[in-house]
Structure formats: structure tokens, C-alpha cells
Amino acid sequence: MKISSSIVRIKKIVSSKLRTEFSETELDEAAKLILEMEGVVMPPILLRTEPESESYRVIDGHFEYYAALRARELDSRKGNTINAYIIESEEEKSVYDKQIEVFRHKKPVPSETVPQNLQSI
């Protein structure tokens, strides 16, 4: 199994979360940054919905997806695509889910439990 990245057309992506779950102000701000930088620094993770198709479902990165969708609304020429990581099948999804949990959803350690000499690092 290999992590693959790709440039995906926004209109080929769907999300199980509603856009209303996110602040429009924050989406607008993120959309402007996407247009300015022509991409996202934390790409969403997408599941290809059918083999050999260009249809995707967001697994992680719903905010990034909706920010990219808003970027497309602001400037359809620049905001037509998003860089993303692609999961090719449901079988691969469980391995990705583990890595998503480890890397994206960890809570920071409260500073009072971090040794004094490491707090400034």
C-alpha cells in the first residue's frame, strides 16, 4: 500500500458533514488563503467511491474541502481543484484511519505536565 496524492476537481468530491457545521467566516478566510497559495498545506484525505472513477468522499479534512469549495465560489478559475491524499479502496481505509487518528487527532499535552526544560522547544 502506498500513499498517493493527487489534484482533484472540487465538483467530484462529496462530504458526509454539512457545510453549516463550520463557520462561514473561517471558511471564507481559509478560502482566500487557498486562492493566494494555490493549494492547502493539510490536504484532505479522500476515498475513491468506485474503482477507476473520479468520484470521491471526504474521509478526513471536511473543513479543508468546504474551504476549497468556497474558494471555487470566489474564483472558479483558481479554485477548481484541491490537492488531496487518495485512498483507493475500502480495504485500505482502516490503515489510513489509524494514521489519521495518530497524526491529526491527538490532543496536546498540557504545559504543566511538560518538563520545564522542554516547554520552550
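Helices, strands and cores

Mentor: The protein chain of this predicted model has three helices and five strands.

Trainee: What makes a residue count as buried, and what percentage of the protein chain does so?

Mentor: A buried residue has under 20% relative accessible area. Of the 121 residues, 36% count as buried.

Trainee: Why are Val8, Ile13, Leu46 and Tyr65 called members of a nonpolar core?

Mentor: Such a core takes in buried residues of types including Val, Ile, Leu and Tyr, joined through side-chain atoms within 4.5 Å. The largest nonpolar core has 22 residues, and these four touch the most other members. They therefore belong to a nonpolar core in the sense of that definition.

Trainee: Which elements give two or more residues to this core?

Mentor: They are helix H1 (24-37), strand S4 (56-60), helix H2 (62-74) and strand S5 (81-87). H2 gives the most, with six residues.

Trainee: How do you know that Ile13 is in contact with Val8?

Mentor: Contact requires heavy atoms within 4.5 Å. Leaving aside neighbours within four places in sequence, Ile13 meets that condition with Val8, Leu46, Tyr56, Val58, Tyr65 and Ile82.

Trainee: What other core is there, and which residues does it include?

Mentor: A second, separate core has six residues, among them Ile45, Leu47, Tyr96 and Ile100.

Trainee: What percentage of contacts join residues at least 24 apart?

Mentor: Among contacts between residues at least 6 apart in sequence, the value is 79%.

Conventions:
Residues are numbered from 1 along each chain as its sequence is written. This is a predicted model: local features need pLDDT of at least 70, side-chain atom pairs count only at pLDDT 80 or more; totals for chains, interfaces and linings use all residues. Side-chain values use heavy atoms; hydrogens and water are left out. Helices (H or I, at least four residues) and strands (E, at least two) are DSSP runs, numbered from the N terminus. Buried means under 20% relative accessible area, exposed over 50%, partly exposed in between (1.4 Å probe, protein chains only).
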